[in-house]
Amino acid sequence: MGFAGIILFGAFLLMLPISSRDGSFTPFLDCLFTSTSAVCVTGLIIYDTFTHWSFFGQLVIISLIQIGGMGVITVALILFLLSGKKISLRQRLIMNDSISGSGTGGIIRFTGFIIKAILTVELCGALLLASRFIPQMGIINGIWAGIFHSISAFCNAGFDLMGQYEPFSSLCLYISDPIVNLTIMALIIIGGIGFIVWKDILKNGLNFRNYKLHSKLVLITTALILILPALFFFFYEFNLPQWEWMTIEEKAWASAFQSVTPRTAGFNTVDLTKYSPTSYLITVILMLIGGSPASTAGGFKTTTIAVLILCSISFMKRDESINVFNRRIANDTINNAVTVLFMYIFLLFAGSSIISIVDGLSLPDCVFECASAIATVGLSCGVTAECSEFSRIVLITLMYLGRVGGLTILFAISRQPENVIVHKPLEDVTIG
């Protein structure tokens with residue numbers, strides 16, 4: 001309800017004439033789509049952010065991105081603290097669940113740490129990007145572009161202001177710019193690994209052995225899904241004929257960037273419509289995996305894919321339980337992972353099929369667009385601009401469900417379990 005309320009409020013603000021460059025009213029559904037994309041830190045757009053929205057409209061969008069990235073509950077807690085009100089035990093429990101904390105003890109301090117860390121990282125990113133943008137755009141526009149892109153990258157949103165050079169171009173003009181590439185990639189990764197991992201690293205430094213199992217799985221999985229796709233893009237994709245204009249340096253930067261940005265960020269430095277089918281598939285998989293729990297990223301999360309892979313390995317080894325790093329993973333965690341994966345796959349193919357049938361668009365393109373929506377990524381192959389109003393409502397729904405979270409939706413709509421004293425007879429079922 002919190003996300004829905006912020007989305008509607010943002011949509012009404014974007015409808016105002018002051019939000020558009022030409023001073024006209026923007027249709028409500030288009031505003032709703034843009035607001036949903038911003039709050040859900042997705043990045044799918046109907047209008048180019050720079051050419052259509054005024055400074056006020058851009059300010060509304062980046063504010064929605066910041067709220068969506070930090071989380072509605074976190075923002076609400078900030079307002080409570082600023083007002084001087086006492087935080088109740090119930091509110092502490094809600095806050096603990098929203099950031100996947102380990103308990104209500106010290107939750108206010110942990111939240112304070114999250115807020116300070118977010119602002120510090122975004123400020124550093126803004127300064128680095130502004131140092132690159134100011135010489136090209138001037139002082140005022142360069143500073144604003146630095147702030148906007150820093151927040152957008154850290155929150156894994158993917159909105160950009162590069163339409164001043166070429167509409168819908170994202171960061172293609174900076175394909176081999178070291179400062180822009182490294183800063184944007186760092187912001188995306190830091191925002192996507194999650195607050196729990198931040199705390200672990202701050203507490204234990206580089207002593208990997210002392211990290212929690214959650215942090216170990218996140219860091220290992222993140223490293224693998226960054227390195228392996230980068231190698232694929234460099235040695236295969238960018239050696240195809242359509243990329244022969246690129247230098248070795250540009251291929252290296254593009255390979256690294258295109259392995260990072262599907263982590264639900266939505267920026268791109270190359271034309272995605274020129275991708276080979278294999279790269280399309282790999283990008284869809286990376287988008288669906290996304291970032292990590294308690295982070296600004298979306299997707300079904302790195303821990304989910306890690307648990308499922310470990311579960312498969314344990315099953316093949318005929319182990320009674322999943323054991324990793326001298327720890328056992330609970331059955332409830334496995335059940336949650338399977339449920340979340342199934343929900344994402346079901347919504348992906350349901351949404352893709354509906355849009356393909358309604359608008360007569362290519363199914364692979366629809367799969368790519370819907371994966372981008374439900375994983376709150378924002379990468380696009382141009383389908384969004386061609387969609388009908390009905391299909392845009394489908395994408396809005398996917399973005400909302402992807403940001404709020406699969407388990408949150410399922411728990412919200414399901415009945416509370418009743419206390420059952422007598423259990424039904426147990427019988428085995430053969431699988432596979």
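This is a predicted model: local features need pLDDT of at least 70, side-chain atom pairs count only at pLDDT 80 or more; totals for chains, interfaces and linings use all residues.
Visitor: How many disulfides does a search of the whole structure find?
Guide: A disulfide is a covalent bond between the sulfur atoms of two cysteines. The cut-off is a pair of cysteine sulfur atoms within 2.5 Å. Searching the whole structure gives a count of zero.

Visitor: How far is the sulfur of Cys381 from the closest cysteine sulfur?
Guide: Cys381 is buried, at 12% relative accessible area. The closest cysteine sulfur belongs to Cys366. That is too far for a bond, at 7.9 Å.

Visitor: Which residue meets the side chain of Asp30 in a salt bridge?
Guide: A salt bridge is a side-chain nitrogen of Lys or Arg within 4 Å of a carboxyl oxygen of Asp or Glu. Here the N to O distance is 3.3 Å, and the partner of Asp30 is Arg392.

Visitor: How many residues apart in sequence are Asp30 and Arg392?
Guide: Both residues are buried. Asp30 lies in helix α2 (28–39) and Arg392 in helix α18 (389–404); helices are DSSP runs (H or I, at least four residues), numbered from the N terminus. The pair therefore ties together parts whose separation in residues is 362.

Visitor: Which residue forms a salt bridge with Asp177?
Guide: Asp177 is buried, at 9%. It sits in the loop between α8 (139–154) and α9 (178–193), and its partner is in helix α7 (107–137), 45 residues apart. The closest N and O atoms are 2.2 Å apart, and the partner is Arg132.

Visitor: Which residue meets Lys317 in a salt bridge?
Guide: Lys317 counts as exposed, at 56% relative accessibility. The N to O distance is 3.9 Å, and the partner is Asp319.

Visitor: Where is the place of Lys212?
Guide: Lys212 is partly exposed, at 43%. Lys212 gathers with Arg109, Lys199 and Lys203 in a surface patch of positive charge; such patches join like charges within 9 Å, from residues with over 30% relative accessible area and no salt bridge. Its place is the loop between α10 (195–204) and α11 (213–235).

Notes
Residues are numbered from 1 along each chain as its sequence is written. Side-chain values use heavy atoms; hydrogens and water are left out. Patches are made of residues with over 30% relative accessible area and no salt bridge: like charges are joined within 9 Å, nonpolar side chains (Val, Leu, Ile, Met, Phe, Trp, Tyr) within 5 Å. Accessible areas come from the Shrake-Rupley method with a 1.4 Å probe; for residues, only the protein chains shown count as cover. Lys and Arg count as positive and Asp and Glu as negative; His and the chain ends are not counted. The place of a charge is taken as NZ of Lys, CZ of Arg, CG of Asp or CD of Glu. Helices (H or I, at least four residues) and strands (E, at least two) are DSSP runs, numbered from the N terminus. Buried means under 20% relative accessible area, exposed over 50%, partly exposed in between (1.4 Å probe, protein chains only).
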